[in-house]
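Hi,

Here's the structure I said I'd pass on.

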Amino acid sequence: MNHKILIVDDEPAVREMMVTFLTKSGYETFVAESGTEAIRQIKNKVFSLVLCDVVMPASPIDIGGPAMDGLQVLAEIKRINPALPVLMMSGVTTHDLVIKSLEKGAVDFIAKPISLVQVNKIIKKVLNPDLRIPLEYPSPVARLMREGYFGILKTTNQMLEMKNPYLKGHSQRVADAAVKIARGLKLPDNTIEVINYAALLHDIGKVGISDVILFKPDKLTAQEWADIKTHPILSRMMVEQLRLFRAEEPIIEYHHEWYDGSGYPKGLSHEEIPLGARVISIADAYDAMTSDRPYRVSLDKINAEKVLRKYSGTQFDPKMVEVFLEVI
């Protein structure tokens, strides 16, 4: 198939470089120096891919139509043809700009100065069906940003665990167990990655809970228990501000939901509870039972497993319990 690629950029040097490279690679190329011109061409031709700059000033060719920046072009393309892949390009790679591009439907975001090797790799993934290479999720740019921000969140979580010896290593142990369950369920690698990240961050909201409550050796009052039950929501609120952990957010918020609907914060049940949350629920409970806490000593593994079996079908998804007992 002779793929047609539209290059939208106000810089002549960029257009010329991309045309030369893509033509040599066997693609039929078209250019537009403004958003308005790009939309005109998209309405009149069938393209396989659009490479679009983000920051584009008004151009003489825009006379008779409003000037459009790259995000506006992307939104209009998705309105005209939601299936048309768009790769965004920019010399500005702020967090908000990358996220807005991906949220508006871009297949990826590439920074200028452009790496032709990276462009070629992305194009092959999008256009060459013979390679059978699935698109990565999240995109390479978003993945790098996720890793950076995750490091900050993980450090915050470690500070919480350093302050509270009863939580030391808890998130990592929960993540290790959750990954084992996920692999036992034969989930795809990207889903396992999401579950791992969610498990590592599931208790980060406890930084907003009073130490008096977290360290209290006696039974909690009704108000103190209500405060504790806010930590999944606080955890999600901390993570969602970054807009890079969308898949992890509901797993984090709902990891204390019960299979029979009597958990918190929403009272979800059965398959209403995200699969990842059902996985983490068991890993979290098992580690809590087998670790010392201010209000009790730990259970041995045999008795902890008995508790899991006892609450299979009420607190825990029976399938998850079955797999967990197999993998440990």
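**The sheet and what packs on it**

Five strands make up an open sheet, ordered 2-1-3-4-5, with parallel pairing. Strand 2 and strand 5 are the edge strands, each pairing on one side only. On average, neighbouring strands in this sheet are turned by 20° against each other, direction ignored. For the terms: helices (H or I, at least four residues) and strands (E, at least two) are DSSP runs numbered from the N terminus, and two strands pair if DSSP finds at least two bridges between them. Axes are lines fitted to C-alpha atoms, for helices over the stretch in contact, and angles run from 0 to 180 degrees between N-to-C directions.

Before you go further: this is a predicted model, so local features need pLDDT of at least 70 and side-chain atom pairs count only at pLDDT 80 or more, while totals for chains, interfaces and linings use all residues. Residues are numbered from 1 along each chain as its sequence is written, and side-chain values use heavy atoms, with hydrogens and water left out.

Back to the strands. Strand 1 (residues 4–8) pairs with strand 3 in the parallel sense over four bridges, and Ile 5 has Leu 49 in strand 3 as its bridge partner. Helix 2 packs on the sheet and touches strand 1, strand 2 and strand 3 (contact means heavy atoms within 4.5 Å); its direction makes about 140° with that of strand 2. Helix 5 (residues 116–127) also packs on the sheet, touching strand 1, strand 3, strand 4 and strand 5, with its direction at about 145° to that of strand 3.

Strand 4 (residues 86–90) and strand 5 (residues 108–111) run parallel and are joined by four bridges. Met 88 stands opposite Phe 109 in strand 5. With helix 4 (residues 95–103), strand 4 and strand 5 make a right-handed β-α-β unit (right-handed: with the strands pointing away from the viewer, the path from the first strand over the helix to the second runs clockwise).

**Aromatic pairs**

There are six aromatic pairs in the structure. Rings of Phe, Tyr and Trp (its six-membered ring) pair if their centres lie within 6.5 Å; planes under 30 degrees apart are stacked, over 60 edge-to-face, and the rest tilted. Phe 30 and Phe 47 are an edge-to-face pair, 5.4 Å centre to centre with 80° between the planes. Phe 30 sits in strand 2 (residues 28–32) and Phe 47 in the loop between helix 2 (35–44) and strand 3 (49–53), 17 residues apart. Phe 30 and Phe 47 are buried (under 20% relative accessible area; exposed is over 50%, partly exposed in between; 1.4 Å probe, protein chains only).

Phe 150 and Tyr 197 are stacked, at 4.3 Å centre to centre and 10° between the planes.

**Around Glu 248**

Which residues does Glu 248 contact, leaving aside its neighbours within four places in sequence? They are Arg 146, Val 194, Tyr 197 and Ala 198. Glu 248 is in helix 12 (residues 248–253) and counts as buried because its relative accessibility is 1%.

Cheers
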